[in-house]
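Hi! Here is the structure I promised to pass on. Have a look at it, and then read my notes below.

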Amino acid sequence: MTTRSTEAIPAIEMRDVTAGSMRDMNHIVARRVNWTLPAGAFCVIGGMQGTGKSDFLFTTAGLIPPVEGSYRLFGNDMPIYTENRLGERLLLGLVFDGGQLFNHLTVSENIALPLRYHRNLTAAEAAPDVQRLLEWAELTPWADSTPGAMGRNWQKRVGLARALMLRPEILLVDNPLAGLDLRHRAWWLNALRELSNGPEWNGGRAVTLVVTADDLRPWRGENRQFAVLQEQQFTWLGSWDAVERSPDPRVQELLALAPASEG
Amino acid sequence: MQKGSTSTFDSPRVRHLLPLPRSWANYIGRKLIRFLLAVQGLGAFALITLGVLITKFTFARRVVHPLVFQQISRAGLRLLPMFLFIAVALGLVVIGQTVSWLSRVGAIQHPYLGSIMVIVVVRELGPMLAALLVLARIGTANVVELGTARAMGEVEALEALGIDPMHYLVVPRVLGMAFGIFSLTVYLILGALVSGYVWAFLQDVPLRPGDYFSQLAAALSGIDFVLLGVKTLLFGFLIATITCYHGLAQPLRLEEVSYATVRAVAQSVIACVLLDAICIIIYLAA
C-alpha cells in the first residue's frame, strides 16, 4: 500500500462523469458530475432512498467504471480493473451500507483478510493490527463470532474496521446511520469525526471522508461539505449554512422530509 | 422484429422452404444461440481462471494455499468413506454380473475378469462415477455458496478490498475439485478392484489372486494411466469452473440461485460426458 502526501492534489476529481447502476449500467443515477474534493475533506452526500447514492459511491470506489467522463484519484486516472495499479486503488476504502461481511469468516478473520491477503501474512502476524481495530470499534466481545450471530448495528462496525485495515487515505461510507439505534449513531458520528481529525493510531493522519445520508442534519458541523444527489443531478452545496440557505427545492425537500435527529 | 412489420420469413415462398414450422425454427434458434452464448461465457471464465491460477499462484499464498487444502479436504478426504462404500458396491455389481454372464457362455476359468474390470471400472465407470458424485455433493454446494455470496454483495466487498474474487473464491475450488476427483477416483478404482476379487472369491470363482492381478496388469497400458490422470483432473476443472461460473459470473438475486444450480448441474454432466467421449476416441485411436 502506498501512502504519500497529497495536500496539493485533489483527492477526487470528476469531470462530466455519468454514473450507472451496479445492477444495470444503462440505468443512469448521476449525470455530468463535476466534483473536486480536496484531501482531508469531510463530504456528506445527501439524497432520498433510491436516488442512486450507493451506486454513485460504488463508481467513486472504482467498483464500476463511469459511463462517461473523466475520474481522477490523487491526480491520476482512477485505476479501475488495472491490476498493476492496485496499490493506488487501495488508497480508497469503502464501507457498505449492510457491512457486506463474509459470512463464512469470523469477525477477526473478516477484519484481518485484506491485510493478510495484500501483505501475505499469517493470522498470527496480522493479530496485533486486528486487535487494535477490534478495541477501537468495541468489537472485542464479538471477535470469534460469525456475522450471522451479530446484529446489524455491530455488523456495520465490522465493515468499518475491515475497510480501515489497509489504512486508506479516502474512506467512502455508505449511509452509516441508517437503521441504527441512538447509541450506535452517536458512536458512528464520533468515530468518523475522529477519523477526520486524524486518530493517534493512524499516525495522526486525517482520512478524507465521503459519507452518504438520507438525513443531512446529524452531519452538520464545522469543516463539513455537503452535496445532494437527486433526480440524477449532483448538486454541490458547500457548508451547512449553504445547505440551509439553498433555494433548491430538492434540498429543501430533503431537509423538510428528514426526521428529527440528534445534532 | 417490430410489431406490425412484415418479415421476410412471412412470405409464402420462404415459409414453404423452411424445413420446420416457424415456431419450431425460432425455438431451436433460441436454444442454439443460448447454447453458444453459454459456451462462450464458460470458455472465457475458464481461460480467466487458468490465467489467474498461473499468474497469481504464489501471490497471497498464506491466505490462498490453506483455502486450496481446505477445498481438497472438502472435495476429497471427507468424501472418502462414501467412496469406499461405493467402491465395494461397484466391485459387487461388475463382478456379479460378469461372473454370471461368463458362466452362462461357458468361460468357467474366467480369463477375462481382469480385462473387464479394467475396461468397465478403470476406463469408464470409476472416473465418471467419481465426477458425478463430487458434482452432486460439492458442485451444487459451490453454486449455492457463491450465488448467495454474490447476491449478498460479498463479491463486491472483495473487489472493494482489492481482493480478486477469481483468486480467492474460484482458484481454490478448481484446484480442490481437480485433485479431489483424481484422488477419489484412484481410491474408488482400487477399492472396486479389490472388492471385485473378494466377491468373485465368495462366488467360488476358481481364480487365484496372482492370476487376477496378472490379468489386470496385462489389460492395463501406459495410456490408461495417462488418460486416467488427465481425465479426472479435467473432470474436476470442468465441474468447478461451471459451478463457479453459474454462482459468480452473473449478478444474481437470491431467488435465482436454485435455477443457477440446476443449470450448472446439467451443463456439468454434459461437459463430463463430452470429455469422456473424447477420451474414448483417444483410446480407440491409440
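Let's start with Cys244 of chain B, which counts as buried because its relative accessibility is 0% (buried means under 20% relative accessible area, exposed over 50%, partly exposed in between, with a 1.4 Å probe and protein chains only). Cys244(B) is in no disulfide, and the nearest cysteine sulfur, in Cys272(B), lies 14 Å away; a disulfide is a pair of cysteine sulfur atoms within 2.5 Å. Cys279(B) is buried too, at 4% relative accessible area. The closest cysteine sulfur to that of Cys279(B) is again in Cys272(B), at 11 Å, so it is too far for a bond. Over all chains, the structure holds zero disulfides.

A quick word on the basis: this is a predicted model, where local features need pLDDT of at least 70 and side-chain atom pairs count only at pLDDT 80 or more, while totals for chains, interfaces and linings use all residues. Residues are numbered from 1 along each chain as its sequence is written, chains are lettered from A and ligands numbered from 1 in the order in which they are written, and side-chain values use heavy atoms, leaving out hydrogens and water.

Now for chain A. Its open sheet has four strands in the order E2-E1-E4-E5, paired antiparallel. Strands here are DSSP runs (E, at least two residues), as are helices (H or I, at least four), numbered from the N terminus, and two strands pair if DSSP finds at least two bridges between them. E1(A) (residues 10-20) and E4(A) (residues 68-73) are joined by five bridges. In E4(A), Ser70(A) is the bridge partner of Arg15(A).

Cheers!
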